[in-house]
Amino acid sequence: MSIIQHQELYSLLHQGVSEANKRGTSVLVSQVLPVDVVDPLSFYAAGSSLYENDRTFWADPENDTTIVGLGTLKAFEAKEDRFQAIEQKWKKFLESSLVEGAPSRPGVGPVLLGGFSFDPGAPQTDNWSGFPQGGMVIPKLMLTKAGEDSWLTMNVVVEESDKPEDLSDKLLDHYHHIHDMMPTEKGTKVSHFSVEEIQPEHWKNTVRSAAANIREGKLEKVVLAREIKLRSEQPFSSSRTLMNLKEQQSDSYLFAFNYNNKCFIGASPERLVKRDGQQVYSTCLAGSIERGKNQQEDQELGSKLLNDNKNRIEHDLVVRMIRTAMEEECEFVQVPSTPELYKTPHIQHLYTPVVARARKGTSLLRMLERLHPTPALGGYPQHQAVKEIRQVERMDRGWYAGPVGWIDYQDNGEFAVAIRSGLLKGKHASLFAGCGIVGDSNPDSEYEETKMKFKPMLAALGGNRYD
């Protein structure tokens, strides 16, 4: 980092102190500096030297935006009206802010990263202790990589009595320390972990009962999830797991959020909503089948999925709900009439992209509230399905199947649905997977589908040990 860039940071911090004195309140100072291309995964790993349990990671499958956050400058949390509450707190926080050097692209400058639990009304357990029902943070140091370009955003809340040189020296010292600590090794395997099933026969009976309720007309679809528990001889590493996910699941969204000595981590194929200026994007992803052992078998399985009545019903419910939600907030909503296939290394899905233009007054978090949970994660009708899940699932979903992502100071951002994910807790981990249940669902088939959906995380943690 050049002397000129040091001076830019010092100058902006000096201006921030002056503004704090003038306004009689604290001021957010956000300095953006272009940096040499830095590997985000290495930056995340090196960040553990100063911010072991205070790191965030996000990457989209198009390699358009990768964000690494280190440290927490300020946390925004809410349980009641959580999407609106966090949006209001964020806007209020930005009222007293100075942003310098940010290019005209999303994901650079002041950015919130975080997520929301699937159901704030569900009973909570110690498994997810420390994770708020809605929680997003603005990091102290943030690396954004887009294509071949990288930017460092340094955020600090300036008070009237602060000394700009002290603030500047501390931020730059932290950055240089982390930069010097960046590892070169790639992901490695964790050896000898055991897998524990959690009442599989009870879960199958729950599927059987839910299918009967659907046949009786009580609801159209419900998504039932289950958990498996892992135990390793050594602590699970979020850095190594992310490196493995990047190598094995490059066509998925990658994410990691640390709270209370735990890390929620995953590789999701499913976008919930993205906003870039006035353009809004969503994805209908429901209906799954395994990949084939060769090209011919893979094509046959894909054709079977496209023509399977049960999966098409599942998918059409998702399309119907997302179209309605988008039309409430957007104009020029475009939805293809038939789905196509979306293939990941272990699974192929029915996929329908949605594109629209935001109406005046529409915000990203407002769209998020409209869309969550979609029938792909909860069921349909939404209220009845979530109520059914709350009553019959014997687990705490926490952030599993909730929205995770980021939003910047210009209301651009993107959220994915937190599936294909796990919660790392030292030498222990919990992995989660679910299936959409309709009237003709077969409990054994749905159970096998969850086993297929556990494979991406199991592979990233050290190998496929769940056949």
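Me: Which residues of helix α7 (residues 238–248) are buried?
Reply: Buried means under 20% relative accessible area, with a 1.4 Å probe and protein chains only. In α7, Ser238, Ser239, Thr241, Leu242, Met243, Asn244 and Leu245 are buried. This is a predicted model: local features need pLDDT of at least 70, side-chain atom pairs count only at pLDDT 80 or more, and totals for chains, interfaces and linings use all residues. Residues are numbered from 1 along each chain as its sequence is written, and side-chain values use heavy atoms, leaving out hydrogens and water.

Me: What covers the buried residues of α7?
Reply: Contact means heavy atoms within 4.5 Å. The cover includes α2 (40–46), β2 (55–59), β12 (253–259), β13 (262–268), β22 (421–425) and α12. Helices (H or I, at least four residues) and strands (E, at least two) are DSSP runs, numbered from the N terminus.

Me: Where does α12 bend?
Reply: A bend is the angle between axes fitted to the seven residues ending at a residue and the seven starting there. Helix α12 bends by about 35° at Lys455, and Pro456 follows within four residues.

Me: How many residues of α12 are buried?
Reply: The count is 15 of 19, so α12 is mostly covered.

Me: Is Thr344 buried or exposed?
Reply: Thr344 counts as buried, at 5% relative accessibility. Thr344 lies in the loop between β17 (340–343) and β18 (347–358).

Note on methods:
Buried < 20%, exposed > 50% of the residue type's maximum accessible area, 1.4 Å probe, protein only.
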